[in-house]
Amino acid sequence: MQVNWCSNKDCLGLRKRVCGLHQTWKWLHQTPALHEYLISASSVAADTATAPKSTSQLRLLHRLGATATTTEITRLYSANNDNNNVNATTPSPTSATSTTKAGNKLQSKRINLAAVADADIKKSVFISQSHDIFTNLALEDWLYKNFDFGNHHVLLLWANDPCVVIGRHQNPFTEANVSKLMERGITLARRNSGGGAVYHDRGNLNCTFFTPRERYNRKYNLNIVTRALFREWAIKSEINDRDDIVIKNKKISGTAAKLGRPNAYHHCTILASANKLHLGESLVKEPVNYISRATASVPSPIRNLVDVNRCVNVPQLLSAVGYEYLRTAAMALEDGGSIQTMKQRGFQLINPTEKWFPGIEELRKNYSSWDWVIGKTPKFTVEKDLELKDDDRGMKLKLSVDVVAGLMANISIQLPQNDQLVPVVTPLQGQAYNEQNLNGIIDALKMVSTSNVQQAMNGSI
């Protein structure tokens with residue numbers, strides 16, 4: 001294979017590496033188990049309907065938690081493999097309790113975390129092979145609920161097709177124009193953690209750091225990213241008071257977390273080469289007044305890493321962050337170099353399917369459901385000022401729509417000079433709220449004469 005080195009001055013960092021996927025492929029082969037699998041897979045017919053027959057494939061699948069039975073979940077193995085079997089459960093992300101039957105059993109088998117030395121904690125970098133946002137959210141949730149991170153920390157790296165992802169407690173309609181997202185083929189998703197709305201595409205790398213709750217350390221995780229950027233491309237970045245990663249006060253990474261028992265995770269985005277035009281257009285709401293107590297996003301100026309160094313790409317970014325994670329001690333920002341890296345479990349390709357993760361399809365179904373994405377929205381009210389015009393005069397009024405669990409519960413109009421609310425009779429009452437339905441109500445009201453509105457206000461019709 002001919003290697004074309006990038007001669008751009010921006011690429012003169014601490015190391016000179018190829019800006020391409022083949023380099024990531026070569027680095028992945030440095031992980032012995034994955035190397036063995038990749039070599040064997042290239043000489044075996046790709047028949048996914050049958051179980052893998054080669055010893056190396058079976059060994060890797062065993063390490064990654066594949067199992068022949070669907071009645072029992074075998075967790076991705078940590079050092080104490082014997083404690084990793086739990087009953088299969090398919091918890092919904094909308095469940096009021098975060099601890100499942102598997103979680104309860106996991107809690108009961110917890111090791112004494114204080115007795116585990118840093119050197120005894122192994123680390124893995126999991127790379128999701130899916131680009132579907134709902135599948136990746138389900139994978140993240142599955143690991144959070146079923147994995148024992150007591151002596152095995154995990155960094156999950158993943159990228160999605162174009163989508164807007166809102167926080168658990170957010171109102172999607174105050175963060176984006178949901179109807180226009182659907183028209184453009186951009187998926188709307190709600191994650192299980194807090195924080196604000198973000199835009200994802202293949203130019204954005206997502207990182208999820210999994211640890212026990214007691215070892216949750218957001219600053220440690222963010223420093224892994226900033227150190228990786230400097231080591232790979234000599235890019236200097238900072239962590240601000242909001243725990244965003246910024247370059248010259250422009251945001252390249254946002255952050256959110258899920259803190260439960262026994263596990264916790266912190267995830268962040270890294271803007272490498274995201275489509276900033278689509279990003280800006282996707283996070284524009286309908287010009288109406290929303291009255292809501294939902295968590296609101298804090299707008300920030302953003303920057304892609306390619307704007308700083310034109311050689312940055314997602315595959316190389318994935319490798320840089322992954323290797324920085326592996327070469328760093330588990331509980332302190334101490335660089336162990338290649339010696340530390342070779343002690344870890346390396347990079348592992350993850351196929352988030354039901355065969356490997358029993359129950360993940362049910363999780364995905366719940367994450368993609370209307371009840372979770374829209375129905376989980378906190379109660380809110382939409383107000384819109386309207387002006388009705390007749391031949392001789394005009395009338396100003398206010399449309400008010402109360403939305404409960406994503407449905408339009410009450411629709412009414414009000415004159416500015418009084419507090420009287422007049423119900424609007426429409427078949428849309430009780431239907432799902434969206435911008436198209438709201439504009440349908442507005443268009444219908446504009447066809448009503450001012451005299452009819454006045455008579456309704458006076459109670460004569």
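**Chatting through a predicted model**

User: Let's start with L407. Which residues does L407 touch, leaving out those up to four places away in sequence?

Analyst: L407 touches W370, D402, G430, Q431, A432 and Y433, with residues up to four places away in sequence left out. Keep in mind that this is a predicted model.

User: Where is L407 found?

Analyst: L407 is in strand β18, which covers residues 407-414.

User: And how far apart are L407 and Y433, in sequence and in space?

Analyst: They are 26 residues apart in sequence, and their C-alpha atoms are 5.4 Å apart in space.

User: Is L407 buried or exposed, or partly exposed?

Analyst: L407 counts as partly exposed, because its relative accessibility is 34%.

User: OK, cysteines next. How many disulfides are there?

Analyst: The count comes to zero disulfides. Take C207: the nearest cysteine sulfur is that of C268, 4.5 Å away, and C207 is in no disulfide. C268 is in no disulfide either, with the sulfur of C207 as its nearest cysteine sulfur.

User: Switching to helices. How do α5 and α12 pack?

Analyst: Helix α5 (residues 133-146) and helix α12 (residues 360-367) pack at an angle of about 125 degrees, and their axes are 8 Å apart. The two are therefore oblique to each other. The crossing of α5 past α12 is right-handed.

User: Which residues make that contact?

Analyst: From α5 you have F134, T135, L137, A138, L139, D141, W142 and K145. From α12, the residues are I360, L363, R364 and Y367.

User: What does the contact look like by class?

Analyst: Between α5 and α12 there are eight nonpolar residues, one polar and three charged.

User: What about α8 and α10, what are the angle and the axis distance there?

Analyst: Helix α8 (residues 218-233) packs with helix α10 (residues 314-327) at about 115 degrees, with axes 9 Å apart. α8 passes α10 in a right-handed crossing.

User: Which residues does each helix bring to that contact?

Analyst: On the α8 side they are I224, R227, A228, L229, R231, E232 and W233. On the α10 side they are Q316, L317, A320, V321, E324, Y325 and R327. By class, this contact of α8 with α10 has eight nonpolar, one polar and five charged residues.

User: Now the backbone. Which residues does a cis peptide bond join?

Analyst: R261 and P262 are joined by a cis peptide bond, with omega about 5 degrees. P262 lies in the loop between β12 (255-259) and β13 (263-271).

User: Which residues have a positive phi without being a glycine?

Analyst: Two to look at are K248, with a phi of about 50 degrees, and N249, with a phi of about 65 degrees.

User: Where do K248 and N249 lie?

Analyst: K248 is in the loop between β10 (245-247) and β11 (250-253). N249 is in the loop between β10 and β11 too.

User: Buried or exposed?

Analyst: K248 counts as exposed, because its relative accessibility is 72%. N249 is exposed too, with a relative accessible area of 66%.

How values were computed. Residues are numbered from 1 along each chain as its sequence is written. This is a predicted model: local features need pLDDT of at least 70, side-chain atom pairs count only at pLDDT 80 or more; totals for chains, interfaces and linings use all residues. Side-chain values use heavy atoms; hydrogens and water are left out. A disulfide is a pair of cysteine sulfur atoms within 2.5 Å. Axes are lines fitted to C-alpha atoms, for helices over the stretch in contact, and angles run from 0 to 180 degrees between N-to-C directions. Helices (H or I, at least four residues) and strands (E, at least two) are DSSP runs, numbered from the N terminus. Angles under 35 degrees count as roughly parallel, over 145 as roughly antiparallel, 65 to 115 as roughly perpendicular and the rest as oblique. A crossing is left-handed if the near helix is turned anticlockwise from the far one by less than a right angle, and right-handed if clockwise. Contact means heavy atoms within 4.5 Å. Ala, Val, Leu, Ile, Met, Phe, Trp, Tyr, Cys and Pro count as nonpolar, Asp, Glu, Lys and Arg as charged, and the others, Gly among them, as polar. Buried means under 20% relative accessible area, exposed over 50%, partly exposed in between (1.4 Å probe, protein chains only).
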